[in-house]
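Thanks, everyone, for making time for this.

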Amino acid sequence: MSNSTPFEKVSEQGTWYGERARRNRSWYTALKSTQIVVAAAIPVVSVAGGGDIQRWTNAILGALIGVIEGVIQLGQYQQNWLLFRATRQAMKREEFLHSGKAGPYSSVPDPDRLYIERCDAIISGENSKWLSSQEQSSSKKGT
């Protein structure tokens, strides 16, 4: 069992969301950029000529575009990036309001408790959204 305080746990969660957002953005950007370059190479190869080699190269490049798109969809990198970033930003907003005793924290007897509860609600909401997107993705793949 961890001896972390609730504030440390919230901070760890915020860090986790920030790292996951960056990781998913990096994967999405790298895969999508590769896909664009491969797609742009097809007309160049078509003009270059070369008979069988040209046809095979175009076929491989076309297949690669499909494979990359499949990997993007399976990993849901864009969706996860946006969801994790939105969650991290919402947690940063709570940190800001709590530290300044502003907004909902200005008039409550225990602002620390409210902060933990509100951050927990943000995380719970993200978890629900993530589960829902996974279920939707699974149902689309099954049909």
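When I say contact, I mean heavy atoms within 4.5 Å. Before going further, this is a predicted model, in which local features need pLDDT of at least 70, side-chain atom pairs count only at pLDDT 80 or more, and totals for chains, interfaces and linings use all residues. Residues are numbered from 1 along each chain as its sequence is written, and side-chain values use heavy atoms, with hydrogens and water left out.

Let me start with Q35, which is found in helix α1, where helices are DSSP runs of H or I with at least four residues, numbered from the N terminus. Leaving aside neighbours within four places in sequence, Q35 is in contact with I65, I68, E69 and I72. Is Q35 buried or exposed? Taking buried as under 20% relative accessible area, exposed as over 50% and partly exposed as in between, with a 1.4 Å probe and protein chains only, Q35 is buried, at 8%.

The axes of α1 and α2, the latter being residues 52-75, come within 9 Å and cross at roughly 160°; axes here are lines fitted to C-alpha atoms, for helices over the stretch in contact, and angles run from 0 to 180 degrees between N-to-C directions. Angles over 145 degrees count as roughly antiparallel, and α1 and α2 are therefore roughly antiparallel to each other. Among the residues making the contact are Y28, L31 and Q35 of α1, and I65, I68 and I72 of α2.

Now the largest nonpolar core, which has twelve residues, including V10, F84, Y105 and Y115; such a core is a set of buried Ala, Val, Leu, Ile, Met, Phe, Trp, Tyr and Cys residues joined through side-chain atoms within 4.5 Å. Helices α1 (6-48), α3 (77-99) and α4 (111-142) each supply at least two residues of this core, and α4 gives the most, with five. A second, separate core of five residues includes Y28, L31, I68 and Y77.

Finally, the backbone. Most residues other than glycine have a negative phi. Q76, in the loop between α2 and α3, has a positive phi near 45°, and Q76 is buried, with a relative accessible area of 5%. K101, in the loop between α3 and α4, has a positive phi near 50°, but K101 counts as partly exposed, at 39% relative accessibility.

Methods
Parallel < 35°, antiparallel > 145°, perpendicular 65-115°, else oblique.
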